[in-house]
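Subject: Structure handover

Hello,

Here is the structure you asked to take over. Please open it and keep it beside this message while you read.

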Amino acid sequence: LTLPLLALSFPALAADADSRCFELRTYYAPAGRLDDLHSRFRVYTMKLFEKHGMQNIGYWVPQENPDNKLIYLLAYPNREAREKSWQAFFADPQWQEVVKKTEANGKIVAKVETVFLAATDYSGPIAPFVSSDARAFELRTYTAAPGKLGDLNARFRNHTVKLFEKHGMQNIGYWTPRPDQTGADNTLIYLLAHKSREDAKKSFEAFGKDPDWSAARKASEEKAGGSLTAPNGVKSVFLKATDYSPMK
């Protein structure tokens, strides 16, 4: 099933901005236990998340995954609802039985990293959907130069997201860490989808040569008095969706 790309049009009107609380979670599995972790999510965890009011958006692993990572995105109506959902989840006897069963041979999660996110006003509707074509996802994290996150968001809002689409990249979602999170004042996190990693390279090469991008970059940096990103402030990780991900 391929859903129409109408839902991915950018930029969104501020009145339509997604006000939900998003949570990006990264799990590190012990050596040899990542398949067990996948199995637990596939068979048990996702259903229990939904039971307790959490929306499963997507589950991915890095294309190169030496650290045995599982990266996933959840959504909640708000932060208070998030806390209540997790309290109910951990207290659920079904979950407690699942833990006993799946960890009979040892822990299957060695470390958890989590960040609470707010969608930007230019991020389109964020919802899971499945494409009939294989897709390579790309999680990109930008660290803005001091005091320039607003300028960076303005450039994405007014230019970048449209140019990404022009060059064949799908805008999935754009977020900044919520105010109480590390990086709230200087971090932009976003997710793209490409036909393949090779297509991503071609798209970014064409994007970089586009006169419209050159003009937008020049104007934004002149207005801000320098680069909008910190040195080495652009990080990219290519991801592949798990077989149980609602977004593929």
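This is a predicted model: local features need pLDDT of at least 70, side-chain atom pairs count only at pLDDT 80 or more; totals for chains, interfaces and linings use all residues.

Residues are numbered from 1 along each chain as its sequence is written, and side-chain values use heavy atoms, with hydrogens and water left out.

The barrel

Eight strands close into a barrel, in the order β1-β3-β2-β8-β5-β7-β6-β4, with antiparallel pairing. On average, neighbouring strands of this sheet are turned by 35° against each other, direction ignored. (Axes are lines fitted to C-alpha atoms, for helices over the stretch in contact, and angles run from 0 to 180 degrees between N-to-C directions.) Strands (E, at least two residues) and helices (H or I, at least four) are DSSP runs, numbered from the N terminus. Two strands pair if DSSP finds at least two bridges between them. As background, strands of a sheet pair through backbone hydrogen bonds, either parallel or antiparallel.

Some pairs can be followed by residue. β1 and β3 are joined by eight bridges, and Tyr-27 has Leu-70 in β3 as its bridge partner. β5 and β7 also pair over eight bridges, in the antiparallel sense; Glu-138 stands opposite Leu-192 in β7. Strand β6 (residues 170–177) runs antiparallel to β7, with five bridges between them, and Gly-173 has Leu-191 in β7 as its bridge partner.

How many residues of β7 are buried? Eight of its eight are, where buried means under 20% relative accessible area, exposed over 50% and partly exposed in between (1.4 Å probe, protein chains only). Thr-187, Ile-189, Leu-191 and Ala-193 point one way from β7, and Leu-188, Tyr-190, Leu-192 and His-194 point the other way.

Helix α3

Helix α3 covers residues 93–102, and its buried residues are Trp-95, Val-98 and Thr-102. They lie on the same side of α3 because they cover an arc of only 55° around the axis, the arc being that of the directions from the helix axis to the C-beta atoms. The face turned away from this buried side carries the exposed residues Pro-93, Lys-100 and Lys-101. Trp-95 counts as buried because its relative accessibility is 10%. The C-alpha atoms of Trp-95 and Phe-49 are separated by 9.9 Å, and the two residues are 46 residues apart along the chain.

On a 1 Å grid over the protein atoms alone, a cavity is a set of points where a 1.4 Å probe fits but cannot get out, and a pocket is an open set with protein on both sides within 12 Å along at least five of seven lines; lining residues have an atom within 4 Å of a point. Grid points are joined across faces, edges and corners, and a volume is the space filled by probe spheres set on the points.

The largest pocket has a volume of about 420 Å³. Its lining has 20 residues, and Leu-24, Thr-26, Lys-69, Glu-113 and Leu-139 lie nearest its centre. Elements that give two or more residues to this lining include β1 (21–28) and β8 (229–241).

The search of the whole structure finds one cavity of 30 Å³ or more. The largest cavity holds about 50 Å³ of space. Among its lining residues are Trp-60, Trp-175, Ile-189 and Leu-191, and β3 and β7 each supply at least two residues.

Regards
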